[in-house]
Amino acid sequence: MGKLSKTHPNSSVCAIYQTISDWSVVLSGPVFAFLCALSATMGDLSSYGGQSISNQWMVFVANSALGAAVFSIWMCLRLRHVISTVKEAPLLIFCIGGLQTVGQYGMIYGLTVIGPGKATTLYYTLPIFTILLNWLTLGDAASRWHYVLAAVSVLGVALTCGSMVSQSDNSKITHPGIFSQVLACCLLLVAAAAHSAVIVVRKITADSNIDSFLFMSSFYVQYSSTAVFLCTVNSAWSIPDEIGDVLLLMSTGVCSVINWTFLLWASRVCHPSTVSIILTSTVAMAYGGQALIFDLPIELIPAFGAVFVAAASVGVAVMSLVDGSGHVGGASEISEPTEVNEQDTSADESNRLVGTYD
């Protein structure tokens with residue numbers, strides 16, 4: 001019977017099925033990460049277009065409304081679990097949600113002022129802020145290559161911001177005032193720092209085992225409630241007359257929820273640094289989208305700045321992969337998919353916000 005079982009005709013079928021299953025686990029992470037980047041870009045572009053048909057305060061409301069509704073329903077369905085968990089760590093849940101809210105406001109405001117391409121470029125200084133905060137809070141020593149990548153990122157920021165000082169005569173580009181541009185750049189860097197702080201805080205408190213959806217609920221509740229308050233205070237409630245414009249505003253909230261959902265799935269089955277590398281494609285997609293949809297020309301100096309920042313972000317992610325696993329992706333992830341999933345599930349709890357927004 002033993003010999004027969006080894007040569008059973010179904011054994012080869014099972015082996016093929018197991019191989020396909022293993023590969024699907026490995027490949028699903030990058031696929032989800034790419035869909036996350038795509039939905040983030042679509043959300044950025046719809047937010048940029050939304051402020052031209054309504055106003056900036058309504059963009060904040062539209063961007064947060066669906067997420068607040070979805071996660072409020074989730075909290076109601078799991079009310080007992082939510083209450084018991086909040087009692088254990090109310091300050092932690094509130095602070096992480098608050099940091100995400102600050103980051104989201106900075107990102108949305110920045111992209112509506114200076115455009116999706118430049119805004120995405122400045123936001124992707126996030127890995128550099130993460131290195132700095134890791135060093136300040138956890139004592140993780142940075143290598144000389146980290147300093148080199150940080151310098152490259154700073155150079156990219158300087159090129160992006162410096163290009164805004166000189167006003168272009170191109171009629172397709174509407175230049176806001178210098179103060180608005182400087183404020184937008186500062187808030188985008190604050191957004192990157194805030195989301196980096198979320199990553200570090202989640203890493204420090206990884207043993208808390210708090211449901212990730214509870215953090216997302218805290219974020220969307222704070223984000224939506226403050227957006228409604230600000231819109232009311234500024235008397236900015238304005239619903240477009242055209243159904244197409246209404247759908248455009250609603251799409252920014254839809255993209256926001258899809259973006260966070262795909263990011264959560266991607267980080268559970270894929271190394272966070274791999275996810276970060278793939279999400280860097282958002283910079284290129286943002287520039288391409290603003291050129292195709294809004295007919296905005298791609299300016300040379302900011303484009304060079306985007307290349308520097310994206311290269312630095314990819315470099316940091318690759319170094320994280322090398323330091324954490326001894327290799328840059330590849331065979332070991334495929335040969336032992338179950339073990340990778342278990343490790344990445346815990347890694348997700350501290351790193352799933354790397355390189356994303358919206």
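In which hand, left or right, does H6 pass H13? In this predicted model, H6 passes H13 in a left-handed crossing. The two helices, H6 and H13 (residues 281-293), pack at an angle of about 170 degrees. Their axes lie 8 Å apart. H6 is therefore roughly antiparallel to H13, because an angle over 145 degrees counts as roughly antiparallel. On the H6 side, Pro 116, Gly 117, Lys 118, Thr 120 and Thr 121 make the contact. On the H13 side, the residues are Thr 282, Val 283, Ala 286, Tyr 287 and Gln 290. By class, the contact of H6 with H13 comprises 4 nonpolar, 5 polar and 1 charged.

H6 (residues 116-123) also meets H9 (residues 178-204). Here the axes come within 8 Å and cross at roughly 45 degrees. That angle makes H6 oblique to H9. The crossing of this pair, H6 and H9, is right-handed. H6 contributes Ala 119, Leu 122 and Tyr 123 to the contact. H9 contributes Cys 185, Leu 188, Leu 189, Ala 191, Ala 192 and His 195. The contact of H6 with H9 holds 8 nonpolar residues and 1 polar residue, with no charged residues. The spacing of contact residues can be read against helix geometry. An α-helix has 3.6 residues a turn, so residues three or four places apart point the same way.

A further packing pair involves H3 (residues 56-77) and H10. Their axes approach within 7 Å and cross at roughly 140 degrees. H3 is thus oblique to H10. The crossing of H3 and H10 is left-handed. Sorted by class, the contact of H3 with H10 has 19 nonpolar and 6 polar residues. No charged residues take part in the contact of H3 with H10.

H10 itself was examined along its length and at its ends. The helix runs over residues 212-233 and has 22 residues. At 1.5 Å a residue, H10 should span 32 Å. The end C-alpha atoms of H10 are 32 Å apart, which agrees with that expectation. At the start of H10, Asp 211 makes a contact through its side chain. A side-chain oxygen of Asp 211 reaches to within 2.9 Å of the backbone nitrogen of Phe 213. Beyond the other end, H10 is followed by Ser 235. The phi of Ser 235 is positive, near 50 degrees.

Terms used
Residues are numbered from 1 along each chain as its sequence is written. This is a predicted model: local features need pLDDT of at least 70, side-chain atom pairs count only at pLDDT 80 or more; totals for chains, interfaces and linings use all residues. Side-chain values use heavy atoms; hydrogens and water are left out. Axes are lines fitted to C-alpha atoms, for helices over the stretch in contact, and angles run from 0 to 180 degrees between N-to-C directions. Helices (H or I, at least four residues) and strands (E, at least two) are DSSP runs, numbered from the N terminus. Angles under 35 degrees count as roughly parallel, over 145 as roughly antiparallel, 65 to 115 as roughly perpendicular and the rest as oblique. A crossing is left-handed if the near helix is turned anticlockwise from the far one by less than a right angle, and right-handed if clockwise. Contact means heavy atoms within 4.5 Å. Ala, Val, Leu, Ile, Met, Phe, Trp, Tyr, Cys and Pro count as nonpolar, Asp, Glu, Lys and Arg as charged, and the others, Gly among them, as polar. The expected span of a helix is 1.5 Å times one less than its number of residues. A polar contact is a pair of N or O atoms within 3.5 Å; within protein, one must be able to donate a hydrogen and the other to accept it, and residues adjacent in sequence count only if both atoms are side-chain atoms.
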